[in-house]
Every structure is written in C-alpha cells, then in structure tokens.
Amino acid sequence: MNAYAPILVLGAIAAAFAVGSVTMASLTGPKRYNRAKLEAYECGIEPTPQPVGGGRFPIKYYLTAMLFIVFDIEIVFLYPWAVTFDALGIFGLVEMLLFIATVFVAYAYVWRRGGLEWD
C-alpha cells in the first residue's frame, strides 16, 4: 500500500484543487447577468430556435470530427516512435515512413474529394 500512497495523495490534491477552484470562482466572481449572457453561446451566431427533439446536424460536422480524430491518432503514434527512435533502428524508420505514407494517401484522398472545404 505504501507504493500507492503518493498517487492517492496527488489525486486528492488534484480533486481538492478542482473543487476549490470552482467553489472560489462561484463565491468571488462577479454576478452581473444580462439577456445576452444567459443565452446559449453559438460562436457569435444568433441562436436559432430548435425543435423539441433537437435539430439535425449536417453530415459535414461529423465528417470533420472524424477527420480530426484520424489525424489526431496519427500524432498519438508518432510520440512513442520519436521517444524510442534510437532503439528501433532502421526497421522503425521504414515502418514509420510506411505509416506516414498511408496517412498521406488518406489525406490526399480527403483533400481531392473536398473533405477539407468549409463551405
């Protein structure tokens, strides 16, 4: 149990800091409410009324989210490779070049199909 004590103490400190920060902000922060502040924030666009069951999102929203996840996962694979680059040798270099080439082919395909257009 002694091996886990520092981890538990760090978790308790982090939880106390999070709860304390939220509590202190609600106690000491200004409370000047107005109509604009109480509305839902939609990136500066005037909110439009939504149906009771929720509105439909365009498919472009989901495609953009999936593209972000795919290219973000590439970075997740690059970090461990960069850390152990010396230990992997030429095999690691060739494998990473193949991986990056595969991702680049996917990127070129998405670009040619217009998946990166924001209109």
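A residue counts as exposed when its relative accessible area is over 50%, as buried when that area is under 20%, and as partly exposed in between. Trp111 has a relative accessible area of 56%, so Trp111 is exposed. The model is predicted. This briefing covers its aromatic residues and a nonpolar surface patch.

**Aromatic cluster and Tyr107**

- One aromatic cluster is formed by Phe71, Phe104, Tyr107 and Trp111.
- Tyr107 belongs to helix α4, which spans residues 85-113.
- Trp111 also lies in helix α4, four residues from Tyr107, or about one turn of the helix.
- Tyr107 has a relative accessible area of 32% and is therefore partly exposed.
- Leaving aside residues up to four places away in sequence, Tyr107 touches Phe71 and Leu116.
- Tyr107 and Phe71 are 36 residues apart along the chain, and their C-alpha atoms are separated by 8.6 Å.

**Aromatic pairs**

- The count of aromatic pairs comes to five.
- One of the pairs is Trp81 with Phe85, an edge-to-face arrangement with 5.2 Å centre to centre and 75 degrees between the planes.
- The ring centres of Tyr107 and Trp111 are 5.9 Å apart and the planes are at 45 degrees, so this pair is tilted.
- Phe85 is partly exposed because its relative accessibility is 33%.

**Nonpolar surface patch**

- Ile59, Tyr61, Tyr62, Leu63 and Met66 make a nonpolar surface patch of about 540 Å².
- Met66 sits in helix α3, residues 59-83.
- With 48% relative accessibility, Met66 counts as partly exposed.

Technical notes. Residues numbered from 1 in each chain as written. Predicted model: local features only at pLDDT ≥ 70, side-chain atom pairs only at ≥ 80, totals over all residues. Heavy atoms only, no water. Patch = residues over 30% accessible without salt bridge, like charges linked within 9 Å, V, L, I, M, F, W, Y side chains within 5 Å. Areas by Shrake-Rupley, 256 points an atom, 1.4 Å probe, with all protein chains shown as cover. Salt bridge = Lys/Arg side-chain N within 4 Å of Asp/Glu carboxyl O. Helix = DSSP H or I, 4+ residues; strand = E, 2+ residues; numbered from the N terminus. Buried < 20%, exposed > 50% of the residue type's maximum accessible area, 1.4 Å probe, protein only. Contact = heavy atoms within 4.5 Å. Phe/Tyr/Trp six-rings, centres within 6.5 Å; stacked < 30°, edge-to-face > 60°.
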